[in-house]
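I opened my notebook today to look around a new structure. Here is what I looked up, entry by entry.

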Amino acid sequence: MFKHNFIYTLKILGKNKVLIFWTFAFPIILGTFFFLAFSDIENNEKLDVFPIAIVENDNFNSRMGFKETFEVLSDDNNEDKLFDVSYVLEEDVALEMLENKDIVGYILVLDEPTVVVAKSGINETILQVTTDQILSHEKVLEDYIRKNGNSRLENFVKVMMDDYSYVLDNSNKNMSYTMVEYYTLIAMTCLYGGTLGLTALNQNLANMSQRGKRIEVSPSPKFKVVLSSILASFLISLIGLFLLFLFLVFLLKVDFGLFGGHVVLLAIVGNLAGLAIGVAIASCFKVKEGTKLGILLSVTMLGCFLAGMMGITMKYVVDKNVGWINMINPANLITDGFYSLYYYDTLTRYWWDLLGLLIFIGVMVIVSVLALRRNSYDSI
Amino acid sequence: MKKVIEVEHLTKKYKDFIAVSDLSFDVEEGEVLGLLGPNGSGKSTTINCLLSLLNYEDGIIKILGQVMSSTNYDVKKDIGVIFQDIAVFEELTVYENIDYFCGLYIEDKQLRKEYVIEAIKLVGLEDFQKFYPKQLSGGLLRRLNIACGIAHKPKIIFLDEPTVAVDPQSRENILAGILNLRKKGATILYTTHYMEEVEMICDRVIILDKGKIIASGSPLELKNLAKIEEKVTIEDISLKKTDLEKIKSLKNVEEVSYNKTTLIITYKKGQHNLPLLVEFLKKENLEYQRIFSERPTLNDVFLELTGKELRD
């Protein structure tokens with residue numbers, strides 16, 4: 001009977017066009033959209049070196065820190081080279097270069113350094129922001145020296161540099177916005193498994209459908225029928241995920257690098273979590289199937305929103321103010337697990353997220369079993 | 001005869017509303033018992049309680065000598081159910097639907113295949129095996145619904161208004177199928193509010209109203225409960241008040257009702273009333289289009305017992 005129901009549930013779910021669209025086609029369509037929309041952004045993200053001019057007057061030469069920083073940022077041997085700097089002695093020459101569009105802007109140091117540009121634009125902004133940042137650092141150092149003299153100056157500079165290094169060392173150097181979007185897509189697909197679980201379970205419940213009544217009056221134990229239906233929906237959901245991975249890896253050439261296995265493991269557990277939400281909602285709410293689907297989508301979407309899948313800022317806002325919500329939010333546990341693979345060199349956070357998901361699944365299973373344990377209804 | 005269904009003092013409430021009140025009856029092996037009553041009389045609730053789909057407040061239900069419960073799989077394997085609403089999967093073909101539901105009872109694949117084919121023949125769906133439910137007409141869909149409930153050859157069959165919203169041809173086919181099942185020895189509990197069906201297929205009838213038994217017996221026994229024995233209807237007749245008075249004074253007349261152009265006369269006794277009436281009409285020069293006589297129906301019995309029609 002178990003196998004019989006399992007095979008027929010596969011057939012029934014497999015022929016449900018709406019479910020198949022959301023499980024198989026929609027993630028692939030969305031993945032294609034991400035590819036088309038974001039890959040160009042990423043390719044254009046690398047900053048081009050652009051020409052600027054600096055009026056090399058006495059004021060400029062007297063600000064050693066400022067001068068040296070620009071020398072570093074225009075050094076051919078520097079990987080992070082930003083500017084091609086032309087040093088001129090007169091402002092008129094720089095102005096003429098600007099008018100001839102030979103440079104993006106120039107820096108003139110009078111009492112304070114001033115950036116002169118001809119128009120607004122990305123390069124113009126970069127020049128302005130970089131200059132402001134150098135001045136800011138210069139000011140911090142000046143303040144320190146004024147208060148503390150030269151004592152332990154070296155240590156202070158080191159601390160400043162260490163702070164900077166900390167951020168750099170703990171983040172992945174190959175950070176990609178598109179990858180984050182693909183992880184989000186996988187997480188969303190995992191949670192869509194809930195609709196399959198909900199639909200599969202609903203068809204077995206006497207208070208939900210006439211078919212359910214017919215199944216419940218049969219001599220097939222409810223436990224076997226329900227379990228085989230859920231397993232069938234899990235398999236279909238996994239096939240959907242598998243197709244998405246094939247599509248991402250072989251067609252869109254997404255490289256999951258060393259963490260491919262971890263991504264797949266988290267996706268499978270995440271998928272189970274999505275399924276568990278669907279099953280729990282189907283078991284606990286005694287409302288029409290459409291209403292149950294509405295509840296499932298609302299819960300899922302709210303979870304995704306709070307997890308920052310629609311704007312990463314929300315994740316930090318929730319983490320900071322009501323952190324416990326994200327600890328029980330499966331959407332957050334999935335995405336956080338993916339992000340942690342991406343951002344950190346260690347897997348500690350990843351494993352915690354995985355454990356959190358397993359606990360969540362356990363709780364959902366207990367809730368579902370308690371709700372499904374009854375065999376007769378007060379009304380149907 | 002062996003009792004296969006025994007119900008004692010069954011009471012089911014929906015909050016304060018009593019759907020079934022202190023209901024007791026039994027069904028013998030091979031018998032077709034009809035539960036007759038208007039909508040809301042408690043027929044479907046009774047069946048759902050018998051099948052352990054519904055909890056109930058009081059009473060004992062035994063099927064095949066065993067107390068019925070939702071986990072009594074030994075009893076459940078001998079039960080077939082045809083619900084009022086269509087209970088099939090849109091995603092499966094006619095054959096697959098029957099095979100799926102049969103498979104919940106019969107594990108053996110080969111045996112199941114034989115049973116499925118037999119069920120398809122029984123309901124006359126041989127030409128539609130590969131059709132999907134949405135490709136079937138309402139009548140064919142009802143037949144599929146029945147096949148799904150009886151393919152596993154149950155000993156006891158519960159039929160909950162299986163002919164609702166069915167065309168006359170399909171209804172005849174369905175009723176013929178039920179009679180066929182009866183011939184094969186199945187015990188049937190049949191709920192309906194169509195008295196003609198009950199008269200046609202049931203050995204015994206229980207009339208329910210507001211969750212209570214108001215009468216029971218064979219269709220003939222129940223009809224004998226009626227005070228009237230004959231009902232004569234005359235269509236397209238024009239009458240004066242004096243004519244009506246004269247008709248009322250005729251022999252055996254119980255009641256006369258005249259509505260625009262239709263006259264209905266009920267008689268206490270059922271012999272020679274029609275010829276006497278025709279003679280009277282001729283003598284009084286009263287013209288009419290059609291005249292016909294009927295024996296009392298179960299609907300008349302129900303009307304007498306409750307003051308309302310079965311289909312109200």
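**Entry 1: the end of a helix.** I started with A:Leu372, which I found in helix H16 (residues 348-372) of chain A. Helices here are DSSP runs of H or I with at least four residues, strands are runs of E with at least two, and both are numbered from the N terminus.

Leaving aside neighbours within four places in sequence, A:Leu372 is in contact with A:Val226 and A:Ser283. Contact means that the C-beta atoms of two residues, placed from the backbone, lie within 7 Å. I also checked A:Phe223, which is 149 residues apart from A:Leu372 along the chain, and their C-alpha atoms are separated by 8.8 Å.

**Entry 2: what kind of model this is.** I wrote down that this is a predicted model, in which local features need pLDDT of at least 70 and side-chain atom pairs count only at pLDDT 80 or more, while totals for chains, interfaces and linings use all residues. Residues are numbered from 1 along each chain as its sequence is written, and chains are lettered from A and ligands numbered from 1 in the order in which they are written.

For confidence, I looked at pLDDT, the predictor's confidence in each residue, from 0 to 100. Chain B averages 88, and 98% of its residues score at least 70. Among the elements of chain B, helix H3 (residues 94-103) has the highest mean pLDDT, 96, and helix H11 (residues 298-306) has the lowest, 76. For the complex, the predictor gives an ipTM of 0.80 and a pTM of 0.74.

**Entry 3: domains.** The bounds I used come from an automatic or database domain assignment. In chain A, domain 1 covers 2-41 + 176-372 and domain 2 covers 50-170. Their centres, taken over C-alpha atoms, are separated by 50 Å. Chain B is divided into domain 1 (3-224) and domain 2 (230-295), with C-alpha centres 42 Å apart.

**Entry 4: cores.** A nonpolar core, in my notes, is a set of buried Ala, Val, Leu, Ile, Met, Phe, Trp, Tyr and Cys residues joined through C-beta atoms within 7 Å. Which residues touch the most other members of the largest core? Of its 144 residues, they are A:Ala187, B:Ile98, B:Ala147 and B:Ala151. Helix H8 (residues 177-202) of chain A gives the most to this core, with 14 residues. I then followed A:Ala187: beyond four places in sequence, its contacts are A:Gly270, A:Met309, A:Ala331, A:Ile334, A:Thr335 and A:Phe338. Another core of 14 residues lies apart, and A:Ile54, A:Phe70, A:Val104 and A:Ile107 are among them.

**Entry 5: strands of chain B.** Two strands pair if DSSP finds at least two bridges between them. I traced an open sheet of four strands with antiparallel pairing, in the order E2-E1-E4-E5. E2 and strand E5 (66-67) are the edge strands, each pairing on one side only. Strand E4 (residues 58-63) is joined to E5(B) by two bridges, and B:Ile63 has B:Gln66 as its bridge partner.

Elsewhere, strand E12 (residues 253-259) and strand E13 (residues 262-267) pair in the antiparallel sense over six bridges. E12(B) and E13(B) form a hairpin with two residues between them, and B:Lys260 in the turn has a positive phi of about 60°.

Entry 6: Most residues other than glycine have a negative phi. I noted B:Asp22 with a positive phi near 50°; B:Asp22 is found in strand E2 (residues 17-28) of chain B. B:Asp22 is partly exposed, because 14 other C-beta atoms lie within 10 Å. Phi of B:Glu161 is also positive, near 45°. B:Glu161 lies in the loop between strand E7 (156-160) and helix H6 (168-183) of chain B, and it counts as buried because it has 22 C-beta neighbours inside 10 Å.

Terms used:
A residue is buried if 20 or more other C-beta atoms lie within 10 Å of its own, exposed if 12 or fewer, and partly exposed in between; C-beta atoms are placed from the backbone.
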